[in-house]
Amino acid sequence: MNKIFNLKKNLGGKSFQIQTLKIKNFRQFGPEVCTIQFHHGLTVLVGENDAGKSAIIDALRYAMGTTDMRWNRILPSDVFNNDLNNEIQIQVCFNNLTEDEKALFLEYLTYTKSGPVVYLNWTCHFSLKFIPARPIVEITSGKNGDGPTFVAEAREMFRTTYLKPLRDAYMGYAGWEGLKTITSH
């Protein structure tokens, strides 16, 4: 664990990046796979209300985990059309791995024409044997989700820092009176 932790600290900000995100049966993303391509640098999500911007961010949070260690609870309402017979599928593909990252993720690598990538597959289905139904989450590697399960140390490398949207930060910290004061100046 210390070796991986030190490796993460020594990357100096240059590290793998998200190449694609695929979402299926998650909130407003239905049974057709939705693929989002990310480009090098900054990616901005712009869209109307209820277009799925927050769902995209939450899909990344669920799949990758966050550094604040908050429990991301999967709810029946997270399943498309609240149909608990559907399985949520989220796949994150990482590219531009450094040599150290290639060594770290060696058993999880998938080789493509443009070089090695790592697929992180997060799936969730609800077990209807229980009342209320319980979410069952699996995290695997490989393009088709048939690769090895990530060990805890490797999984830790995917954790990301989540910053709340400004509107949520105002609500959480300032309260309604504070929000009124901030917006009236």
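Asn 81 is placed in the loop between H2 and strand S3 (88-95), where helices (H or I, at least four residues) and strands (E, at least two) are DSSP runs numbered from the N terminus. The structure is a predicted model, in which local features need pLDDT of at least 70 and side-chain atom pairs count only at pLDDT 80 or more, while totals for chains, interfaces and linings use all residues. Residues are numbered from 1 along each chain as its sequence is written, and side-chain values use heavy atoms, with hydrogens and water left out.

Asn 81 is not a glycine, yet it has a positive phi of about 55°. With a relative accessibility of 61%, Asn 81 counts as exposed; the classes are buried under 20% relative accessible area, exposed over 50% and partly exposed in between (1.4 Å probe, protein chains only). A positive phi, of about 65°, is also found at Asp 50, likewise not a glycine. Asp 50 belongs to the loop between S2 and H2 and is exposed at 73% relative accessibility.

The loop between strand S2 (34-37) and helix H2 (53-64) also holds Val 46, which is exposed with a relative accessible area of 75%. Together with Leu 42 and Val 44, Val 46 forms a nonpolar surface patch with about 390 Å² of accessible area. Patches are made of residues with over 30% relative accessible area and no salt bridge, like charges being joined within 9 Å and nonpolar side chains (Val, Leu, Ile, Met, Phe, Trp, Tyr) within 5 Å. A salt bridge is a side-chain nitrogen of Lys or Arg within 4 Å of a carboxyl oxygen of Asp or Glu.

For the protein as a whole, six helices and six strands are assigned, in the order α-β-β-α-β-α-β-β-β-α-α-α from the N terminus on. Of its 185 residues, 38% count as buried. The accessible surface comes to about 12000 Å², and 54% of this belongs to carbon and sulfur atoms; areas come from the Shrake-Rupley method with a 1.4 Å probe, and for residues only the protein chains shown count as cover. Among contacts (heavy atoms within 4.5 Å) between residues at least 6 apart in sequence, 61% join residues at least 24 apart.

Strand S4 (residues 109-112) pairs with S5 in the antiparallel sense over four bridges, pairing being assigned if DSSP finds at least two bridges between two strands. The two strands S4 and S5 form a hairpin with two residues between them, and Tyr 111 stands opposite Pro 116 in S5.

The loop between strand S5 (115-127) and strand S6 (134-140) contains Pro 132. The peptide bond from Ile 131 to Pro 132 is cis, with omega near -5°. Within strand S6 lies Pro 135, which is partly exposed with a relative accessible area of 36%. The C-alpha atoms of Pro 135 and Glu 87 are 9.9 Å apart, with 48 residues separating the two along the chain.

Thr 140 also lies in strand S6 and is buried, its relative accessible area being 15%. A polar atom of the Thr 140 side chain lies 3.0 Å from the backbone oxygen of Gly 145. With residues up to four places away in sequence not counted, Thr 140 touches Tyr 119, Leu 120, Asn 121, Gly 145, Gly 147, Pro 148, Thr 149 and Phe 150.

Notes: A polar contact is a pair of N or O atoms within 3.5 Å; within protein, one must be able to donate a hydrogen and the other to accept it, and residues adjacent in sequence count only if both atoms are side-chain atoms.
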